[in-house]
Amino acid sequence: MPAEKAQACMTGFCCAPGLTRQDIADALAVLPSGLASHMPIVAMRGKHAAHPDKLILASESLLHMCGAKNLAGLFRFFSGGEGGCSQRLADVAANLRLDAAPAVETLHFRIGRATKIITFLCRRTGAGRAPPLFAGAVLDVFDRQEEATSLAARAEPRDGPGAVGRGNELIEPGPPKAALRPSRPAAGSSRESLEKELRRQKSEFRELSAILDTATDGIAVLDSQGRILRLNRSGEALFGYDQNEVAGERFTSLIAPESRRLANAYFKGLKSHGAASLLNRGLEVIGLARQGGTIPVFMTLGRIGASPGVDKKRAARFCALLRDLTHWKKVERELEEARKDAERASALKSDFLATISHEIRTPLNAILGFAEVMMDERFGSIGNQRYKDYLGDIHASGTLVMSLVNDLLDLSKIEAGKMDFAFASIDANRIVSECVSIMQPQASRERVALRLSLSPALPNILADERSLRQIVLNLLSNAVKFNRQGGQVIVATALADAGSAVIRIRDTGVGMSEAGIGLAFEPFRRLATAGPSRGTGLGLPLTKALSEANHASLTIKSKEHEGTLVEVVFPPARILA
């Protein structure tokens, strides 16, 4: 115990070695605010989300309550059950959904000849990060005596300290000042000890009541028939009722008629299957406010045991945690409306571009056709050479405009999800080889060497052949265009260790900075390194969109004046054995 206390960064807690103040704060933050600093708590951290098995933190009051001297003893205590009927605390933690609302769980533990019924408020966090954290706070403790014992017998000290363990092993009681269970008074002082214990229990009850009233979620205590015994202040504010007005009413009186059937089925299932609370996932229902309005509520029910000395089946109690979802529903509606607005805007843009492209293509095709006829001098010679040069410029400009219109239309269709793809088994080596052959004349004119390295072990991939060919051609065109005379472009295919297929294009050109790479993916953004070469600034954004449409990823690594490496990676799911 002293060694473990030395590791603690906060008074009143026993911590695992190496635990920092931030670790303690993270563990306490799992529970609702106001609980951790007042109630006996326990925290576990797991190696993965399915099995949080390592005990890392416990309050000293919890150690005293369970009769454990250190974390190891507490772990053995929580690993035991009553005749195998109760689940371990680690099982409860493993079945909780990450980052869900707190759940109420009840477990039975054997201490001497009595069984302790301990009710925990449990929660587990860690979605999207590792390792997950579990924390539980003790809400209530009851004794279920299996053998009648007299007050005098309870007052007599035992022969020796018990040991923490399972079955009928005794558990050494901790100091009475922090225990939550009735302490054993010494002989001759049973009356004073019992009165002192009663005052302490009343004080803790008032403290627990204050904590429940400060909780942000509504909390209702129910009897075995589903009648409301108590409603905290947050519950009163949520539904607009005073506690005295709903006491004795069925909890479904707070639920709208359309959700009552589901709520009743949830409650009956919890009553008939006690172990079902371990798999409690909660239920979204519509609450009914006093003023007549409705409230979206997430409700979690849990069993919290019965009062001592009363028939458990008749006097079992339950707890309902009621979380107001109004804010989240509003955010959800706003996000849905924003998504629909974006989809409408995208559809309008696609329709506009389709209409414009159709209107532009018709006269543009005529311009290109007439320019070609005049350049070929089919109906007679052109007297002035300048006119022939002008016709060449007209034809080149018209071809660029046509390419721009086609790229815009393709990019718009991909964003709107209207691009038609014919996915089939494709030999990527064949496509890459054909594209290199097509680009060879342009590379020769620019005095850039094209080198090809194909992996013979590369299997076929599931892709659209036309778009894959366009991806490779666009990347090869950029690699040649932004290269230097005497430079080279290396095109390769490979099967990565992770099972993905990779197409790599590396050049020795001008390269780009980190900021330049981000700008290159934006439409109509041409970098300063592009020089006087022609281009629309749509090639790379369109290539990236086509790659993603083929379920592949496109990445660029580059440094200024050192060249660029572009990789198109098809995941294992797109590889055909």
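This is a predicted model: local features need pLDDT of at least 70, side-chain atom pairs count only at pLDDT 80 or more; totals for chains, interfaces and linings use all residues.
Trainee: Why does Cys122 count as buried?

Mentor: Buried means under 20% relative accessible area, exposed over 50%, and partly exposed in between (1.4 Å probe, protein chains only). Cys122 has 0% relative accessibility, so it counts as buried. Cys319, at 6%, counts as buried too.

Trainee: What share of the chain's residues counts as buried?

Mentor: Of its 577 residues, 43% do. In helix α17 (residues 539-549), the buried ones are Leu540, Pro541, Leu542, Thr543, Ala545, Leu546 and Ser547. Just after α17, His551 takes a positive phi of about 60°.

Trainee: How many disulfides does the structure hold?

Mentor: A disulfide is a pair of cysteine sulfur atoms within 2.5 Å, and the structure holds 0 of them.

Trainee: What makes β15 and β16 a pair?

Mentor: Two strands pair if DSSP finds at least two bridges between them. Strand β15 (residues 488-495) and strand β16 (residues 501-507) are joined by 7 bridges, so they pair, and they run antiparallel. One of the bridges links Ile490 to Arg506 in β16.

Trainee: Which helices pack on the sheet there?

Mentor: Helix α14 (residues 428-445) packs on the sheet and touches β13, β15 and β16; contact means heavy atoms within 4.5 Å. The direction of α14 makes about 170° with that of β13, on a scale where angles run from 0 to 180 degrees between N-to-C directions of lines fitted to C-alpha atoms, for helices over the stretch in contact. Helix α15 (residues 465-481) packs on the sheet as well, touching β13, β15, β16, β17 and β18 (563-570), and its direction makes about 20° with that of β16.

Trainee: In what order do the 5 strands of the open sheet stand?

Mentor: The order is β13-β15-β16-β18-β17, with mixed pairing.

Trainee: Why is one side of β13 and of β17 left without a neighbour in the sheet?

Mentor: β13 (449-453) and β17 (553-559) stand at the edges, and each has a single partner strand, so one side of each lacks a neighbour in the sheet. From one strand to the next, the twist averages 15°.

Methods. Residues are numbered from 1 along each chain as its sequence is written. Side-chain values use heavy atoms; hydrogens and water are left out. Helices (H or I, at least four residues) and strands (E, at least two) are DSSP runs, numbered from the N terminus.
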